[in-house]
Every structure is written in C-alpha cells, then in structure tokens.
Amino acid sequence: MPVPQSGRAQALLSAMAAGNSDRESSGWRALDRIVREAAGVDPAVGRLWPLPSPGAEAGAGPALPEMRQLAGLLAELGGQESRIGDALTDWLRHDAPSPPSGPASASSNVIGGSAVLHGPNVQAHLIQGGVHIHHQAAPPPGQPGHHRLPVPRQLPPVREQFVDREGDIRVLDRMRERRPAHAAPLLVVSGFAGVGKTSLVSRWLHRNASSYPDGHLYADLGGSSGTDSDTEESGPLAPATVLEGFLFSLGAPSVPSSVSGRVSLWRTLTSGLRLAVLLDNAFTAAQVRPLRLGTPTGLTVVTSRSDLTGLRVDGASVHRLAALPAESAVELLAIGGGGGRVARDPAAAREVVTLCGRLPLAVCLASAQLAARPHHSVSALAESLAQGQGSLDILRVDGEAVMHTALDMSYDLLPTEAAALYRRMGLLPTDRYDTYLLAAIACAAGGSGTGVGGPSGGAPGAGAPPDGTTLGASAPLEGTPAACAADGTASAGPPGRAPSDTGAPGETVPAGGPRATPPDASTPDRTPPGTDTPGQAAPAPAPDADADADADAAGGTAPTGTPDRAPSDTGGQGGTPPTPGLTSVTLPISALMEAHLLEETGPGTYRFHDLVRPHARRVGEVEESPAQRASTLRRYVDWCLVTAAAAERILTPSHPLPGHEVTVTGVAPTPLGGPDEALAWLDAHRDGLMGAVRHCFRAELYTSCWRLVDLAWPLFLRLRPTDMWIEAHRMGLDSARRSGSRPGEGRMLTSGAIGLRYAGQYEEAADWYRQALENATADGDVRQQAQAVNGLGHLSLLTRRLDDARTHFEHALRLRESIGYPRGAALTRTRLGETALAAGLLEPASAHLRRAYEELTALGEGYEAARALALLGHVLAEKGDHEGGTRRLSEALSEFRAGGARSEHWEGRCLEWLGQAAESVGDATEARRRYASARDFFSRLNPSDAERLDERLRHL
C-alpha cells in the first residue's frame, strides 16, 4: 500500500485501525508475528500487545489510544532495528489492509510501496498547459519485429502447502533492489536438499511476475545427478543443452553447434528484455556462467545445494535458505494432514518435524502419513520415524537419515498398484513421464518379449535372452492393473504360489491383493496388437529452418534388398500384454501424487523430485526380479520406438524405412497432434530417448538400438543436438553391424555423417560417407550410393573445393536419374546450382535452379521448390535481370512467410538478396529498408549473419 507522507507511524496507525475489526485475517496474524518479535527487543511493545478488542473502551474511535502509542513505538523501533523496519515495510506493502478512502489531497503526489514505473510518465505537483507524450506503437502482426511466439511462462507452479518464509522473501526483495543499476542481477539461493529452494523462488518470482513481462524461463540443471556407470544417468546438464532449449523457447529456429555461438546468440536475443530466468538445481559456478543473463533489465536466479562461491566473483548475491523454524514446520505438518491431532499432541509434533530435519519436503511426506491414517496418532508417527532403518546418503541431517525413513514409510503405505508403478518408474533412464508411458510399464511382465529388438531389456546372463529372440507371452505381474490382463483380469495366482496352485481351472485372483513376489505364471496373449499402425495418414511436415539441411538426408524410402527383421519384429501376438486403458493408471498416479512422491508438471506429464527418484530406483532394483526389470525396460524401449515412429511419420513422412515397421504388441504411442506437438515431444524426451539408446546398446539389444536412432531422425535434423547426434549414431552404427543389418549400417553412416558435418568434423564425415559408398557399391544399392556421393559433394561445397563438389553432384545426379528417383535428382540439381553460383558461373546456375524449381513444384515439394526459386531469383539479379530476379525473390519471400514452407532463415536470406538487388541498381533507400528487415531476423537467428548486414548498412 502507498506510505503516506506523514510517515511510518501514521501509515501503521491507519493500517492497524483498518484491520482491527478482523483479527483472524492473514494480515493481522502477520502483524502479530512482527509485534511479538519487536517485543523481544523492547518490552514496552509487549505491554501494549495484544490491543484491547474493538469497542472495549467507551468512546474510543477506530484508533484506540493504545494503538496510537503502539504505532509510534513500532515506527521508532523500526528506525533502530533494521530487521524490524524491513518487516514492517514489507507488511505495509503486501499484507496490511487498506484504510478507508477519503477525500484526495489537492497536492498529493506520492509513489510509494514497491511501485515500478515503465515507459513515459509525469510526476509533478501542478501541471499547466498541454502535455503531449508520444510512444512508438509495436509493429503490427506480419511486420518485421512483431513477436510471433507466445511469451514463455515456464516457472513451476506455486505449491499450495507453503508456510512462513516471509523473512526470506524480504531478503530476496532487498537483494534485487540493492543491485547497481548497470549490473545484470544474479541471485543464488542455496540450501540443503528438500529445504524448499525451488518452492520459495518460484513463489517469489510469481509475486514479481509483472516486473518481467518478456517472460520467465526455467531449467532444471540436474546438479544432484551424479554420473553412475551402473545406470543411465547422464549427470548435470551441459550449458550447451540448456542454451539450446532457451534459444528455441525465445523463437530461434536454429542454434549454433558451438557453446560460444550459443552464448553469443543467447545474449543477443535477451539484450534489453525484462526477462526472469530460474536455473534450478545448479551443480557448479561454471555450469551457470554461460546461462546467466547479461542485461541489467533481466534477472537470473539460481538454486543449488552448494553456495556456488565462485559466482560471488561475478557479482552474485547469495542467500542460504535454512530449514523451517520449528513452529512453521509444525504448522505445515498440521495443514498437510495432521489437523487437530497436531494441536492435541504438540510435543510429538515437534519430535516429528525434528526427525524430518524441519525440511519442507520431509514434513510434507510425514504429514501424508497422517492423512492416510486418520486414526494414527502423531506420537505413533514419531515413534515410527525414530525407528526407521536404512538411509539415502545424500539426505542425512546431523547423522539422521530422515528422508529415507520418510520415503520408506510413504512407499510402504502405497496401494499395491501404485507401489508397483513407483518401482518401475525408478528403473527407467528418464526423468520425464506421461500417462501413456506409465500405462505401458504398468503392464510390464517378467520375461515378456516384443518389439523390433528382441524380448527383453536385461543384460545377458540376467534372465534376458539375446536381442531378436522370441519368448512366449507372460501373465501380468502381481500388482499390475487388472486391465493389463488379456481377459480383463489378473491371471496370476496368490502371492508365492505357482500356477498349479491357483485352484480350479479358470479361477482368477484379483490384481489388487497384497504385494509379494510374483508367481511364475504365463498365459497366452489374446489381445490384438497395439494402436501403432504403420502407413496411417500424417500431417505434412514442417520445413527445415536451416538452409544447409539435407532435404534427402537419410535416403528416403528403403533401399532394395532383404529387410533386416529380427524374429520378434514380425508384430505377432506373442508379445507383451496389451497397454491398459489410461484410466487404469489414474488411481496409482493419484496415489503417488497424494503421497508427495510424484509431481505433476503439466497435463498428463510428471516427474519425480530429485530426492525421490534415487529411492524409487533402489526399491526397484531390490524388489523387482531380473526378469521383471528386463520387462519394464523392454516396454519403455517399445514406447520410445512407437512414439518416435509416430513423430517420424508426421515430421519426415518420406524417411520411414519400408520393411522395418515398428510392430509392438500392447504399447500405445503418446498421441501427437501435428508437427508442433511431434517436435515438442522429441525435444522434451531427448534425454530419455538417448537413455533408451544407451540401454539397448549395453543390454545388447542391437536391432532396437539402431532402429531407435533411425526413428529419431527428425530430432537430429530439426533440433541439431550435435553431441547427442554423434554419440547416438556411433552406437547405432556399431549395433547395426553387430546385428548384421546392411540397410541399418547404411542409414547410420549417412545420417551420422550429416551430424559430423554440422559439428565441423569434415574429415570423419567424409570417411563415413566413403564407407557408406563402399558398402552400397558392394551391395549394388544404387540409391544409397547416390546418397553417399551427394554427401561427399556437400562437404566439398562447404570447403570451397568447387570442382570436386560439381563432380560429386553430377555423379549423384546420374545415379538418381538411372533409378527413376525424381525428387532426389531435383534436389541434386539445386546443389549443382549452388555450386555454380559459388563459382560465379551464373548461366549454368540459373539453368540448374530453374529446372529444379519446375520439377520440385510438379512433385508438390513446396518448401524445397521455394528454396530453388529464391536461389534462382538471386542468380537472375546477379546476372542483371533486376525485374526477373526481384519478382522471383518476392514470390519466394511470400512462400517462406506462411504455410507449409514457412522459414524465418530463408525469409531473412530473401530480404538480404532483395537488398543486394536494390543496391545494384542504385536504390539506396530500398536497399537500406531490406537490409534492416533482414538484420532483424538474423539478430535472432545468427549473430554472424547480423554482423554481415550491419556491414552492408554501413557501406550504403
């Protein structure tokens, strides 16, 4: 609220008088805490508090004499004690009730509280005459400079169960307000695992959301994930990976492959933006430095389990977040599920929160036990916590493994199906889950087999047959939802009993019985195959935004020859049990969320807290048998395969390899509503997909390994994660060779070479292309030969060996024409046109490009035809045909601005070439306009291109 000019005492008196009639309000309770703290400093304050009830003193007005005296004492004490003064100021701003409005002062001119003014404004006592304020309007939609993407709002949601922390919020306010005006603010909140760092910072940023209208970005940096050779953990996220996600969120259609290039583009795009960035769970200062904002208009906030002392050198302000005060922790225990039991047994409640280390996460888990057991006393809970065994090493407080105890208790109270789901989730090499994935692993059965790569995800010798072997279908595990059984019931016998002990023929046992070791039972699968249907209609793909992308990158349709099919790739009925209906996992998911073991991150998407996931992994490794673990991982791989296949059909419909359709039984893909959703799914699950590739390689599931890499082609082509691209294709190439698949080996060599090329590793890329060419020549595979030769030509073009490039492209053209592949031939003609243009041979360049444009248009290849048209327009303008060149460039520009050919990169290139055409005929005004528009695009896409446009503008 605004603070009147009469001072703090008058402001306090007005606010206290306004709130005196409702002493149960949150604002009055907040004042009560401040006054009691002040009474510890000045006993005179304590003698005046609590105030007499309203009306207790006859004739007293709204402001009692005691109230006036108390306001004066508090104002005086606030001037002497900074913590009291800060608390009072914060209360007046955020919690105090507003006094009744009265007549405005004729000379009032006050801006108070935490007001922040942006844009033109006038503050004055008296204003006479005309005052005119002019403000440039934002560009209308469709014009350069108009923001086309929604403003990113990525902050985690505010938790409902949140107590205290008023003091910590005031500290963050002061840290933000006291930073130098020219400096880019960097705040670090550090503290022990589970202390509530993310919840605090999220709430604080939500409260200050209006200060950052350009958006909020969020990234979990994975600082608590150490590398472990026995799991698929990848450790803390690399800054390059985080920058890639941030840049795409801000609208960059392509990202440089180098870290330095990404940092430059990040700072260019965010310069001047009022943007807040939350870097959660940081590992080191070095991990944070490339990610921090460089503009004083933004704010970077980091949370970490360490203090990140190195960031102090960079000007960071660090706040160490302590555990909750005992009183606040008890309050959290009560509102989380303890209720009246906490009030009736305060000593036991204090013991419980002490055993929980007064950590908010641990207290919430303990309160969930009280909520689940309404007749369980708080003292019984305290006794159970004190007697818990085992520990999670990273969660010790004064030697007490309180979090492990709380997590074990939460797990023990889970319903059977929820406990089984919890264990299986812990086994997966991912930290992202959705309902379809959880439905798939809820049906995992020991020793089951399906999919393209063999029946089991386990390593040899651990109850898992080698990749490509077929096993009979198995019954659902005990604890599996009933919908997973083929006939709608769980066919396993009672816990610990073999199938022969189940009783009369046809007798079934409900799936919801007590948890125990599942029986060795099996029943035939009588359910039709899953919902994945190769060849179904898919939306047209969105175009590649980068001009250097290979439009025919991995060869299109299949080469001739015998398809590589493992025995279990036939898509028959002998696979895993069917995926249950999504409703069958609704209750287990809800149980996990209610127990504070699982967090919802969006509609139908979930994650474990980083403290919970290691516990889930441990119980999965201990309580699931080797065959069960193998089956869970197998179904995870199958889910990755079928959903990646769906994304491939949407984004690159010419890429699927005929004869290698994904035919898994009983695993439904996550639905993808079109190109945007398909690409978003690949982006969100890139780490999980890579985890599945690593698992397949280590478990010797070689066919599944290279097939998953091949299906993820749109991820590599569109998002360009170069390090992941190269690692995946190295494993994919080795796997294709080990599985004896020549088509797979060819795919891995050509698509992997493109990744090496994007990374600037030209020599190794050329070696991979040559290996692909040798294999294709030996196999008589003309189409694959053409793909390899075309790739060698592109490398020569990039390295300015233009004669070699032309020779390779002409060879590739002859091969593609000989097998009747018109699309490939037209794309190679485009490359020949680019090569001739680079050599200054404008007449051959225009001939190649004109024919390529005509052929691609006839084939319905809108995006590729628009590229050829733009290049042709540029060549014609260079030849002196200004009218013909600018007309074609303008046509291509219209294509790139909307529809299926939309590409900001090519829009920028067309604008630059139109500027060059105008400059060549002496039209400096038009050239300047076109160059400026092109620079607006390239400033968001590529700093080096923007610098080139700046140079052109300077020379006009």
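**Figure 1. Overview of the predicted chain.** Of the 956 residues of the chain, 52% count as buried in this predicted model. The chain holds 37 helices and eight strands, and among its contacts between residues at least 6 apart in sequence, 72% join residues at least 24 apart. The mean pLDDT of the chain is 76, with 74% of the residues reaching 70 or more.

**Figure 2. Close-up of helix 4 and the helices around its buried residues.** Helix 4, which runs over residues 65–80, has 16 residues and spans 23 Å from its first C-alpha to its last, close to the 22 Å expected at 1.5 Å a residue. Buried in this helix are Met67, Leu70, Ala71, Leu73, Leu74, Ala75, Leu77 and Gly78. These buried residues of helix 4 pack against helix 1 (8–19), helix 2 (26–39), helix 3 (43–47) and helix 5.

**Figure 3. Close-up of the crossing of helix 5 and helix 6.** Two packed helices are described by the angle between their axes and by the distance between the axes. For helix 5 (residues 82–94) and helix 6 (residues 166–177), the axes come within 11 Å and cross at roughly 95 degrees. Because angles of 65 to 115 degrees count as roughly perpendicular, helix 5 is described as roughly perpendicular to helix 6. On the helix 5 side, Asp86, Ala87, Asp90, Arg93 and His94 take part in the contact, and they meet Arg170, Asp173, Arg174 and Glu177 of helix 6. The residues of this contact divide into one nonpolar, one polar and seven charged.

Figure 4. Asp280 lies in strand 3, which covers residues 276–282. Asp280 counts as buried because its relative accessibility is 6%, and buried means under 20%. Leaving aside neighbours within four places in sequence, Asp280 is in contact with Thr198, Tyr218, Ala219, Asp220, Leu221, Gly222 and Thr303.

Conventions. Residues are numbered from 1 along each chain as its sequence is written. This is a predicted model: local features need pLDDT of at least 70, side-chain atom pairs count only at pLDDT 80 or more; totals for chains, interfaces and linings use all residues. Side-chain values use heavy atoms; hydrogens and water are left out. Axes are lines fitted to C-alpha atoms, for helices over the stretch in contact, and angles run from 0 to 180 degrees between N-to-C directions. Helices (H or I, at least four residues) and strands (E, at least two) are DSSP runs, numbered from the N terminus. Angles under 35 degrees count as roughly parallel, over 145 as roughly antiparallel, 65 to 115 as roughly perpendicular and the rest as oblique. Contact means heavy atoms within 4.5 Å. Ala, Val, Leu, Ile, Met, Phe, Trp, Tyr, Cys and Pro count as nonpolar, Asp, Glu, Lys and Arg as charged, and the others, Gly among them, as polar. The expected span of a helix is 1.5 Å times one less than its number of residues. Buried means under 20% relative accessible area, exposed over 50%, partly exposed in between (1.4 Å probe, protein chains only). pLDDT is the predictor's confidence in each residue, from 0 to 100.
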